[in-house]
Amino acid sequence: MLLYFVKAETRTPCGLPVRTVLTSYYKSKHFRSRARDRFNDFTSPDLAIWCTDTKQSMYCQLLAGLVDRHRVIRLGAVFASAFLRAISFLERNWTQLCDDIRTGQLGSIITDPGCRSSMSGILAGPNPVLADEIEYICSRPSWKGILWQLWPNAKYIEAVVTGTMAQYIPALEFYSEGKLPLVCTMYASSECYFGVNLKPFCDPAHVAFTLLPNMGYFEFIPLRENGAPLASLDNEVEDEVAEDKVVDLVNVRVGCYYELVVTTFAGLYRYRVGDVLQVTGFHGQAPQFRFICRRNVILSIDNDKTNEEDLHKSITIAKRLLEPYDAILVEYTSYADTSTVPGHYVLFWEIIPHTNSMAQLDSNIIQECCTAIEEELDYNYKQCRTYDRSVGPLEIRIVKPGTFEELMDFFIGQGGSINQYKTPRCINTNGALKLLNSNVMACFFSPRDPSWTPKLM
């Protein structure tokens, strides 16, 4: 049961069609005429995948997956965030899905002709036994392990879980109870297919991709030497890079960080993808890379510059403080608030309980999370906070459950694709910021300065 979605295409002023790369693939003859083997025989009917109404498409794909629950051998979506969105959708709509299975009739909420046509063959008739099985599983007070319970023959979950998608690993492990391995098979973008993971069942933290030189011509802009931690990525690489600074695939070095540059058969010439990679080793003579982050995601108030990886690492450590309270951080984003003097970092957190009996979170716990994050940020940030006083105390704003789904809907409504959607780690649009602030339930600030010691010159 792999959940795929398309985006309605638009047209340029001269009439050329414009659509996302995954939409192009799902509507192509390659997808339509794919071999119907165990790897490509999806539970989702093609007409449901091609439905541009995401909610109707998701409903029908989940319904088809539930009807065939004993035949499903793998679960997933393109990104972990999309798969978790589907779980959340299932949590809200399982009663209606059970009713459809029990009666053998698709509910009136599905109006798309393609969806109704494709589902008529799947809902062949009333199946109250199956509906009762699903109802019994979904009505339990905790959804821990819900995935292997609903799909008992599933072997693994397939989705992108590298980079900032790694933050979804705890949630996926909760819903699978750790019984389904998380598999990240490939590294690709709209511009080019880059490489594959030769050890798909490895720990997600150790995923490395082997680049395929027949997919394009790959070059690399060095960011740091000798594997040192990334500093300000925007200061590491100029907008224009000298020719002698660009490294070929065969000349990269283990432990070093690079920005990926690609020349493709489709016509892109020395295109800067914007991904930061680290060389982890070699497969034969082929270098293997770990995806670190996107280069252009950064928070900055003064001389401080915090990149995506540093922010993710600091939050990963801080959210451990929630574990004794049976709570989990499911999503976050940030922005640099310069409306105050001095400006300060703002994090939006969405927290949900592991069970219905989550202990009440004391305000001191969230304040300690603020402090823990600041303690993990770099030297320049701490200097600005503690000595220069040019950056104010970090703030965490707790938002209502479902806020980040609204944020996804907002960006999809602006022309994004659910298949390729990744929660932005830094918000820079007024509409998105207004949406987040409208859902804030409580605000907490770091109660003290982070530790900082001047460097000896």
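Here is a short chat about the pocket, cores and salt bridges of a predicted model.

Student: What volume does the second largest pocket have?
Tutor: About 640 Å³. Of the 30 residues lining this pocket, Ser88, Tyr175, Val330, Glu350 and Ile352 are the closest to its centre.

Student: Which element gives the most to that lining?
Tutor: H5 does, with six residues. Helix H5 spans 80-103. Strands S17 (327-337) and S18 (344-353) are among the others that each supply at least two.

Student: And how many residues of each class are in the lining?
Tutor: There are 15 nonpolar, eight polar and seven charged residues.

Student: New topic. How many residues are in the largest nonpolar core?
Tutor: It has 105. Leu75, Leu147, Trp151 and Phe220 have the most contacts inside it. H5 turns up again, giving the largest share of this core, 12 residues.

Student: What does Trp151 touch, leaving aside its neighbours within four places in sequence?
Tutor: Its contacts include Met1, Gly65, Arg69 and Leu90.

Student: Now salt bridges. How many are there in the whole structure?
Tutor: The search finds 19. One of them joins Arg425 to Glu331, with the closest N and O atoms 2.9 Å apart. That pair links distant parts of the chain, 94 residues apart.

Student: Are those two buried or exposed?
Tutor: Both Arg425 and Glu331 are buried.

Student: What about Lys313 and Glu309, where do they sit?
Tutor: They are in helix H11, and because they are four residues apart there, about one helical turn separates them. Lys313 is partly exposed at 47% relative accessibility, while Glu309 is buried at 9%.

Key. Residues numbered from 1 in each chain as written. Predicted model: local features only at pLDDT ≥ 70, side-chain atom pairs only at ≥ 80, totals over all residues. Heavy atoms only, no water. 1 Å grid on protein atoms, 1.4 Å probe; cavity = no way out; pocket = protein on both sides within 12 Å on 5 of 7 lines; lining within 4 Å. Points joined across faces, edges and corners; volume = space filled by probe spheres on them. Nonpolar A, V, L, I, M, F, W, Y, C, P; charged D, E, K, R; others polar. Core = buried A, V, L, I, M, F, W, Y, C linked by side-chain atoms within 4.5 Å. Buried < 20%, exposed > 50% of the residue type's maximum accessible area, 1.4 Å probe, protein only. Contact = heavy atoms within 4.5 Å. Salt bridge = Lys/Arg side-chain N within 4 Å of Asp/Glu carboxyl O.
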